[in-house]
Amino acid sequence: MVSLISFLKVEVRPTGIIALRSLPQSKMRNAFRYPPPSTLIGALAYPLLHIAGDRTETLEPRRNARSSADRIRPLIEWATVKVSGMPRVYGSILKINRLHRRSVESAVTSFPMAVMYGESDYTLTLLYLLNDDLISASEFSVKDFERAAWGISRLGSRESVVSVESVELGKGTIMEKEMAETAYAFLLTGKKVQGGGVVQGVVDWKEGIGNYSKARIIVMFYPEGKVEVEGRLKVIDVGEEVVL
Amino acid sequence: MFLSVGVRFEANVEALNMVETAGNYTKHRRVPYLVEEDRKLKTIYVPAISGESLAHAYQWSLVKEALAMNLPVCEDCAKGEFFKSMNKAHLKKKINPIPDDSKKIEAAIIKSCIIEDVGGFLYAEKPPVRRSSAFQVSYALPIKSMALFATAEPQLHARHAQMDAKGKKGNVSEQMIYYVETGTALYGFTFNLDLDAIGVSSLGAGPIIPEEEIKARREASLKALFRMLSSAQFGAKLSRFFPVGGITELTVVVTEHPFVVTSPIYDSYVERTKKRLEVIKEAFGEDYFFDSTNEVPEETLRKAIEYLKEKGYI
Ligand SMILES: [Zn+2]
């Protein structure tokens with residue numbers, strides 16, 4: 001049986017810097033080099049909720065605060081990214097002076113971020129696989145998702161402004177394969193990889209977006225260029241490329 | 001409505017964003033610029049201005065604009081100290097006793113301060129209440145085609161040291177020397193403002209202030225951007241390192257839903273932005289405002305404000 005799945009392919013350009021704090025609510029100065037799925041979903045949720053006229057950012061603030069991106073989480077099957085060029089994580093050292101009980105205290109810290117700024121033009125291709133059935137039963141249409149994709153304005157914190165340069169809405173075929181080539185990030189577990197890339201532990205967004213204190217960590221592989229993958233793969237053809 | 005602005009400005013001999021001070025040396029913020037040479041990556045450090053620094057300047061302009069329009073600004077923000085109701089001590093100045101309902105806390109903050117309404121806040125006590133900023137600013141980076149010409153150079157300065165009554169020098173030399181790194185570049189940055197977020201709850205409680213005041217706050221937010229850009233009052237050390245230069249290009253877009261101008265660090269950003277807007281119009285039937293100039297930036301900002309007035313939005 002051949003099954004089809006809708007996808008949104010969104011090409012974005014950074015404004016040079018992407019600041020992705022790996023633990024949003026903590027003081028740990030750590031940065032991701034590549035945006036994790038939860039960030040990609042948050043990025044799409046913002047314009048989508050704007051279209052719906054919904055200004056809610058936090059759900060159930062009392063008990064278990066979650067991001068409103070959680071509302072659209074079930075509508076998205078999978079979110080991944082392809083990055084051209086090699087971003088560099090850089091944190092300039094800052095010296096902070098503060099007055100505390102009348103004495104001056106000094107501390108050194110840094111805010112690392114991924115720098116995508118240089119001679120070559122970096123692009124990020126965000127890829128969303130949509131759950132068509134759930135979307136048609138929801139208040140949104142696939143067309144809303146398409147407009148929302150054009151409205152992605154940032155990835156991560158507020159300095160990470162991006163512009164969407166193109167959006168492609170298409171249908172992909174789901175295939176089972178033993179071997180595939182891809183430039184998109186994928187879940188590493190149970191797969192053998194040939195080629196270069198970066199392994200990043202990210203939160204399991206399927207469990208909810210917003211409160212990560214107890215979240216499960218999943219391991220993603222972010223290829224640099226194309227890599228060859230072996231394993232029991234579910235492959236979706238999205239034009240000239242495949243997604244695992 | 002969503003406003004997105006791309007700004008290119010020339011800044012010669014500026015000290016707009018200083019970071020660490022090591023002894024008598026004050027360093028300019030820099031970021032790596034990656035260059036490929038013989039298929040190997042090389043890094044060149046170029047001067048940069050953080051979005052945080054620009055955001056501070058914007059909020060400070062907003063304070064002035066709001067006060068001129070008789071809109072509420074809290075005591076802390078009015079002093080330019082953007083604590084944003086971060087703890088009990090600061091929140092108590094707005095509402096006392098502090099309720100334990102997050103919606104009531106949010107309403108009290110938004111009603112009493114336009115800066116926290118537009119710029120967001122984080123009350124980090126129990127229950128925590130947060131609001132994202134309605135505006136977003138990128139880093140200001142040298143435009144890519146000219147990044148290699150951007151420089152950061154230390155300038156030598158001298159300051160007189162105090163002598164004792166007899167004029168003896170002792171161990172103190174008569175002059176203290178220090179260095180300030182100055183940058184020179186053609187910078188580009190992006191500024192976005194989500195006008196629909198102003199005055200509306202982010203906890204799902206709808207509008208918190210009357211429609212008329214929301215409109216006034218939107219207008220103040222636009223005027224603040226106008227004032228910030230037009231007066232070039234952003235960044236640090238303006239009293240002695242006011243940069244020589246000014247805005248060279250400005251592109252303003254207003255759309256119904258979020259849409260961001262292509263970053264002005266890319267040379268083709270005006271054309272690309274225009275083309276993408278056409279796609280939005282064709283595919284979704286959405287109206288937009290677009291204007292771009294390399295002559296009088298104030299004129300373009302004024303037109304954008306006029307457009308929003310015509311739409312009955314401010
Ligand atoms: Zn305030």
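Which residues do ring pairs link into a cluster? They are F9(B), Y187(B), F189(B) and F234(B). Keep in mind as you explore that this is a predicted model.

## Aromatic rings in chain B

The rings of F9(B) and F234(B) have centres 5.3 Å apart and planes at 80°, so they form an edge-to-face pair. This pair links distant parts of the chain, 225 residues apart: F9(B) sits in strand β1 (residues 2-14) of chain B, while F234(B) belongs to the loop between α6 (211-231) and α7 (238-241) of chain B. F9(B) counts as buried, at 4% relative accessibility, and F234(B) is buried too, at 7%.

Now look at Y25(B) and Y179(B), an aromatic pair of the tilted kind, with 6.0 Å from centre to centre and 35° between the planes. Y25(B) lies in strand β3 (residues 25-28) of chain B and Y179(B) in strand β11 (residues 175-194) of chain B, so this pair ties together parts that are 154 residues apart in sequence. Y25(B) is partly exposed at 26% relative accessibility, and Y179(B) is partly exposed at 28%. Over all chains, the whole structure has 13 aromatic pairs.

## The zinc site

Chain B also holds a zinc ion. What are its protein donors? They are C74(B), C77(B) and C113(B), each through SG, and E116(B) through OE, at 1.8 to 2.3 Å from the ion. The angles among the four donor atoms run from 101 to 118°, and the site is tetrahedral. For comparison, the ideal angle for four tetrahedral donors is 109.5 degrees.

Along the sequence, the donor residues follow the spacing C-x2-C-x35-C-x2-E. C77(B) lies in helix α2 (residues 75-78) of chain B and E116(B) in helix α5 (residues 114-119) of chain B, so the pair ties together parts that are 39 residues apart in sequence. Both C77(B) and E116(B) are buried.

## A buried serine in chain A

Over in chain A, S6(A) is part of strand β1 (residues 3-14). Is S6(A) buried or exposed? S6(A) is buried, with a relative accessible area of 5%. Its side chain makes a polar contact of 2.6 Å with the side chain of D132(A) and another of 3.3 Å with that of K171(A).

## A three-stranded sheet

Chain A also has an open sheet of three strands in the order β12-β15-β14, paired antiparallel. Strands β12 (186-187) and β14 (197-203) of chain A stand at the edges with a single partner strand each, so one side of each has no neighbour in the sheet. Seven bridges join β14(A) to β15 (residues 217-223) of chain A; among the residues involved, G197(A) has P223(A) as its bridge partner.

Conventions
Residues are numbered from 1 along each chain as its sequence is written. Chains are lettered from A and ligands numbered from 1 in the order in which they are written. This is a predicted model: local features need pLDDT of at least 70, side-chain atom pairs count only at pLDDT 80 or more; totals for chains, interfaces and linings use all residues. Side-chain values use heavy atoms; hydrogens and water are left out. Donors are N, O and S atoms within 2.8 Å of the metal (3.2 Å for Na, K and Ca); water is not among the atoms, so sites may look incomplete. Four donors count as tetrahedral if all angles lie between 85 and 135 degrees; four count as square planar and six as octahedral if opposite donors are over 155 degrees apart and all others between 65 and 115; anything else is irregular. Helices (H or I, at least four residues) and strands (E, at least two) are DSSP runs, numbered from the N terminus. Buried means under 20% relative accessible area, exposed over 50%, partly exposed in between (1.4 Å probe, protein chains only). A polar contact is a pair of N or O atoms within 3.5 Å; within protein, one must be able to donate a hydrogen and the other to accept it, and residues adjacent in sequence count only if both atoms are side-chain atoms. Two strands pair if DSSP finds at least two bridges between them. Rings of Phe, Tyr and Trp (its six-membered ring) pair if their centres lie within 6.5 Å; planes under 30 degrees apart count as stacked, over 60 as edge-to-face and the rest as tilted.
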